[in-house]
Amino acid sequence: MEKTIHITLKIWRQKGPQAKGAFETYQLNDISIDSSFLEMLDILNERLISEKKEPIVFDHDCREGICGMCSLYINGHPHGPDEDVTTCQLHMRKFKDGETIIVEPWRSRGFPVIKDLMVDRSAFDKIIQAGGFISVTTGGVPDANAIPISKEKADEAMDAASCIGCGACVAACKNGSAMLFVAAKVSQLALLPQGKMEASSRAKAMVAKMDELGFGNCTNTGACESECPKNVSISHIARLNREFLKAKFKD
Amino acid sequence: MKLFIINSSIGRKLIMSLSGLFLFLFLTLHCFLNLFLLGGPSAYTAVNDIMELPVVTIMVPILAAGFVIHILYALWLYWQNYRARGEVGYASGKKSETTSWAARNMVILGLIVLLFIVLHLTQFWAKMQLQSFLGGANQVHADQSYDLVANQFRNPIVSILYIIWYWVLWFHLTHGFWSAFQTIGIDNKKWQPRLQIIGIIYATILAVCFTSINLYFLFGFGA
């Protein structure tokens, strides 16, 4: 037999970027604990549409935890109370019957609200455009074993590359800092031979863009790491600091 | 490019880190010299003779600069971070697990420490070294300094305030120590927990040493 719960939702509604927002309360009954958080919001939106009300705007895409589109700050945590998952993989079994769930958009100067729970995360794209790539021409496909890379380096780079750019780190940070994101993107390339060529210019360009876009300064609080759905470690931030300072002292 | 210590976030934090480590060194030296108080008036007077050497006098403005830079950069970074947070806060609060409680409260801990530094300077430094800079007419010299400290620390209110101060400082130092290394980039998965533990041990040694001096006088020793 399927178990269901009754919940009260307090959801942030905001008509547009300049509009003043406020919380609205919704009562939802008989929500299956097997449904995901986003499916629960779909049910609510279906109801709102049938009542001829405007549905709640929220970001989502793949719904399997890899695209980084879903966001939502739920009950004090980005991506909700579950560990190491994105909101789309958060299930209603994580909530108690009769619980009040507060749903807010990411809050940071770098991520202005577009509407309701949707925020503008294009700042991350701008940081990537500033240097998060490799521009060396590699020619034909080289033999996989021609460039030896140690297991530790490969693992570390892969861990950094698991960042999906969802912005939970910024949302969790008391300083609105994007350091974990930038660190992951700098790390994944700095660790590998293909990315080493541009390591200095990349670190400088990406940090400069991050600062320009109004993200805060990292104070090593570590909230980002604990909320990251992909478990990206703050040791990458140390590597970013190292790469950046090395590049600056070389100048 | 040379102005990255002003223009870039990591550069500004490098200054916080280096000035913080410099203040760590000062605190260590201060603590070590103060332990001579436990050796009685003659031991302490000998140490204070060192304090009147020219090399110490040269270090005074450098030390003061270390404090001023650390504090001004902290306030500057705090202001920027305050703005970066955005105008609207979270109604459901911030429940994320962090490296420590101190990590979330460095600015307020720092301000409390600063307040006590002002008190501390008026109680001792203003009567000793400052007077020598002003000509030395009212200076409490090395041979009287033990009595000055003893008299202040025998006052229970003063001593208890000082002990509270040391442990506020303890919180500040536990985060500050490993955080400084993280910022310089001398940190990785293996060393992060090690540096965090070294930081806690280091801060505890300093706080325990300082506290023991106050307790020594508070309980009537060294009379």
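Which residues in helix 3 of chain A meet which residues in helix 5 of chain A? In this predicted model, Ala157(A), Ala160(A) and Ala161(A) of helix 3 meet Ala184(A), Ser187(A) and Gln188(A) of helix 5.

**Packing of helix 3 and helix 5 of chain A**

- Helix 3, which covers residues 151-161 of chain A, packs against helix 5, residues 179-190 of chain A, at an angle of about 145°, and their axes are 8 Å apart.
- The crossing that helix 3 of chain A makes with helix 5 of chain A is left-handed.
- The residues of this contact comprise four nonpolar and two polar ones, with no charged residue.

**Domains of chain A**

- The domain assignment divides chain A into domain 1 (4-104) and domain 2 (121-250), and the centres of these domains, taken over C-alpha atoms, are separated by 30 Å.
- Twelve residues of domain 1 of chain A are in contact with ten residues of domain 2 of chain A, and on the domain 1 side of that contact there are five nonpolar, six polar and one charged residues.

**Contact of chain A with chain B**

- In chain A, 42 residues are in contact with 40 residues of chain B, and the chain A side consists of 13 nonpolar, 19 polar and ten charged residues.
- The elements of chain A that each give two or more residues to this side are strand 5 (100-104), helix 7 (199-212), helix 8 (223-227) and helix 9 (235-250).
- Helix 9 of chain A supplies the largest share of the side that touches chain B, namely nine residues.

Technical notes:
Residues are numbered from 1 along each chain as its sequence is written. Chains are lettered from A and ligands numbered from 1 in the order in which they are written. This is a predicted model: local features need pLDDT of at least 70, side-chain atom pairs count only at pLDDT 80 or more; totals for chains, interfaces and linings use all residues. Axes are lines fitted to C-alpha atoms, for helices over the stretch in contact, and angles run from 0 to 180 degrees between N-to-C directions. Helices (H or I, at least four residues) and strands (E, at least two) are DSSP runs, numbered from the N terminus. A crossing is left-handed if the near helix is turned anticlockwise from the far one by less than a right angle, and right-handed if clockwise. Two residues are in contact if their C-beta atoms, placed from the backbone, lie within 7 Å. Ala, Val, Leu, Ile, Met, Phe, Trp, Tyr, Cys and Pro count as nonpolar, Asp, Glu, Lys and Arg as charged, and the others, Gly among them, as polar. Domain bounds come from an automatic or database domain assignment.
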